[in-house]
Amino acid sequence: MLQSSAFDKFASEDREEKAVSKRASANLDSSSGPLANVRYSIFGLGSSAYPNFCAFAKAVDSLIADMDGERIQALGEGDELSGQEESFRTWAKAVFKAACETFCVGKDVNMQEANASLQTNELSWAPDKFRLVPEESGTAMELCEALTKLHTKRVLPCLLMSSNDLQSDESTRSTIQVTMDTQGASELLFEPGDHVAICPANEKALVDAILARVKNERTPDEVVVVQVWKSLEPTERLPPCSMRQALECYVDITTPPSPDFLRLLSLQATDPKEQEKLTLLGKGSSAYEDWKYENSPNLIEVLNEFSSINLSIEFLLQEAPLLKPRYYSISSSPRMYPGEIHATVAVVCWRTKGGKGPLHNGVCSSWLNRLKPGEVIPAFIRQAPLFRLPEKRNLPCILVGPGTGIAPFRSFWQQRQIDLQFTSAVNEKGEKVLGDISMFFGCRHPDLDNIYAEEKQKAITDGALREVHIAYSREPEQPKVGHDLGTAGTDRLGPGHKLRTDSVRAYLY
Ligand SMILES: Cc1cc2nc3c(=O)[nH]c(=O)nc-3n(C[C@H](O)[C@H](O)[C@H](O)COP(=O)(O)OP(=O)(O)OC[C@H]3O[C@@H](n4cnc5c(N)ncnc54)[C@H](O)[C@@H]3O)c2cc1C
Ligand SMILES: Cc1cc2nc3c(=O)[nH]c(=O)nc-3n(C[C@H](O)[C@H](O)[C@H](O)COP(=O)(O)O)c2cc1C
């Protein structure tokens, strides 16, 4: 969102005075809304895969207008599935021009220069702009400290206690229960319903393949920093680390590269045909979307497709997106398993090119699947205050969670099992103190992926769950979760119990 103050630095003093007096007069007019002195324009980031495309941005846009904010440029929309970067640039150019006009600074501004700054800034990569130098102390920053800096969240080391496949041996897929020891860290305390964020590492084979492709004189394990040639200042985008560690732990080498990244790769290709194709893809046109959809290429596949790219390691460390933490719904109750965090993780792997291409493994889920007990899992907690068992404990609850959607509900039923050890479900007047919990679960087949089957049964025996309904998608004429079962379940709650928030709490996952 752009407010008038964002542009003040461009204004000369008298123009600033004009703008200030304009804002002041807007403030003085008592009939105007609370944002009458705000000029704004919104750019929404969304995905057209969702029916309410960019709904939040649209809502904020109209809300500010309703409060008398002055929209200086129409809402821009960036679709994650199509040309988001290009849409942003188009909007940003238009909004900058509109802002210059609104704040009367247009004449002094070099529009070409301003527009060019949308693609580059002083830390953007350009050939021969950066160099790799050894870190003075020769020591890399400790992993969790470095991740804390990168993600501005306190990342702490958990230790893997165990990881077990919850699906049967006959199943072609894996869902693992990952059990972590928090080593007593108070920052890793949580409530049932919260998420754990896990900072994974990339596959060694991919890292090795990239290291073999980059042009560089240093050994992959030397601790280095990237420095700006001109100023000899470190860029500090990444912590001091070896190239191998950077590619393993800090940068994303598997998500298909963005158009901007491809445009910069085109500058490093020597074959004119490859340059041409990379330049085209770098425009983020439909050619890019088709190419990305068809190949979903990771970095090494891009380097193989464009074999003339003379990849600079400084470029990679400076421009590759950061490897993002992955969130998992915590599937254990801290009262049942103090000092532990359990996650229920579907191991992601698929073939590109509509099933005919190379096998791709999900970064985090496959990394967790490979880890050995005792190895470190860098993690932090993200609270989900709106996803809790109800404070009014006598409210009945309906939990709907197919597949790994069961994860947070395991923490709920475990919590209820503990509650039942300290509280009687019914008071002396015969009234329920703890409301019934009904669970709807869906999977493919009873013999393949009915995960936590025994635990669910035990929860019923303990009185923590009233009932569990299971829909099997690969069994003909079985009800489907959220449809047939949803109706059946509400009936079972008894007359007068509708899906109303004051009488029943429904959780869908
Ligand atoms: C709040 C929250 C809670 C979550 N809880 C859980 C949970 O409890 N359990 C759980 O398992 N996950 C959960 N997830 C999802 C989880 O965070 C990860 O996204 C998931 O594990 C995949 O991560 P990855 O690193 O293994 O895969 P990535 O390397 O991130 O790869 C996944 C990407 O690969 C691509 N892809 C995957 N399959 C295909 C395909 N067939 N065809 C084409 N492209 C494909 C897609 O672009 C997809 O985004 C949760 C996510 C959020 C936001
Ligand atoms: C890249 C991306 C783009 C999204 N775009 C939209 C959008 O345009 N409209 C929308 O309603 N939700 C969008 N969402 C989903 C919301 O951010 C939010 O996750 C969702 O409404 C919650 O439901 P879900 O967990 O079923 O996705 C997007 C999510 C992602 C990851």
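Reader: Which atom of ligand 1 is 2.6 Å from an N or O atom in the side chain of Tyr328?

Author: An oxygen atom of ligand 1. Keep in mind that this is a predicted model. The distance is computed from its atoms.

Reader: How many residues surround ligand 1?

Author: There are 18. The closest are Tyr327, Tyr328, Thr344, Cys364 and Ser365.

Reader: Which elements give two or more residues to that shell?

Author: Strand E11 (326–329), strand E12 (340–346) and H13. E11 gives the largest share, with 4 residues.

Reader: And how does the shell around ligand 1 divide by class?

Author: It has 10 nonpolar, 6 polar and 2 charged residues.

Reader: Now ligand 2. Which residues are around it?

Author: Gly46, Ser47, Tyr50, Asn52, Phe53, Cys54 and Glu80. By class, this shell has 3 nonpolar, 3 polar and 1 charged residues.

Reader: Which atoms of ligand 2 take part in polar contacts?

Author: A nitrogen atom of ligand 2 is 2.8 Å from a polar backbone atom of Ser47. An oxygen atom of ligand 2 lies 3.0 Å from a polar side-chain atom of Tyr50. Cys54 has a backbone N or O atom 2.8 Å from an oxygen atom of ligand 2. On its own, ligand 2 has 600 Å² of accessible area, and the protein covers 39% of that.

Reader: Let us turn to empty space. How is it found?

Author: Rolling a probe the size of a water molecule over the atoms shows where empty space is left. Here, the structure holds 1 cavity of 30 Å³ or more.

Reader: How much space lies in the largest cavity?

Author: About 40 Å³.

Reader: Which residues line the largest cavity?

Author: Asn202, Glu203, Leu206, Thr254, Asn361, Gly362, Val363, Ser366 and Arg370. Helix H13 (residues 363–370) gives the most to this lining, with 3 residues. H13 is also one of the elements in the shell around ligand 1.

Reader: What volume does the largest pocket have?

Author: About 1,400 Å³. It is lined by 42 residues. The closest to its centre are Glu85, Pro256, Pro257, Ser258 and Pro259.

Reader: Which helices each supply at least two residues of the pocket lining?

Author: Helix H3 (84–102), helix H8 (259–266), helix H10 (286–295) and helix H12 (313–319). The largest share, 5 residues, comes from H8.

Reader: What classes of residue line the largest pocket?

Author: Its lining has 17 nonpolar, 12 polar and 13 charged residues.

Reader: Last topic: strands. What holds a sheet together?

Author: Strands of a sheet pair through backbone hydrogen bonds, either parallel or antiparallel. Start with strand E6 (residues 156–165). E6 and strand E15 (residues 376–382) pair in the antiparallel sense over 4 bridges. There, Cys158 has Ile377 of E15 as its bridge partner.

Reader: How many bridges join E6 and strand E7 (residues 175–181)?

Author: There are 6, and the pairing is antiparallel. Ser163 stands opposite Val178 in E7.

Reader: In what order do the strands of the open sheet come?

Author: The order is E5-E9-E10, and the 3 strands pair in the antiparallel sense.

Reader: Why is one side of E5 and of E10 left without a neighbour in the sheet?

Author: Strand E5 (130–134) and strand E10 (241–242) stand at the edges, each with a single partner strand, so one side of each has no neighbour in the sheet.

Reader: What links strand E9 (residues 223–228) to E10?

Author: The two pair in the antiparallel sense over 2 bridges. The partner of Val224 in E10 is Cys241.

Conventions. Residues numbered from 1 in each chain as written. Chains lettered and ligands numbered in written order. Predicted model: local features only at pLDDT ≥ 70, side-chain atom pairs only at ≥ 80, totals over all residues. Heavy atoms only, no water. 1 Å grid on protein atoms, 1.4 Å probe; cavity = no way out; pocket = protein on both sides within 12 Å on 5 of 7 lines; lining within 4 Å. Points joined across faces, edges and corners; volume = space filled by probe spheres on them. Near = heavy atom within 4 Å. Polar contact = N/O pair within 3.5 Å; in protein donor to acceptor, adjacent residues only side chain to side chain. Areas by Shrake-Rupley, 256 points an atom, 1.4 Å probe, with all protein chains shown as cover. Nonpolar A, V, L, I, M, F, W, Y, C, P; charged D, E, K, R; others polar. Pairing = 2+ DSSP bridges.
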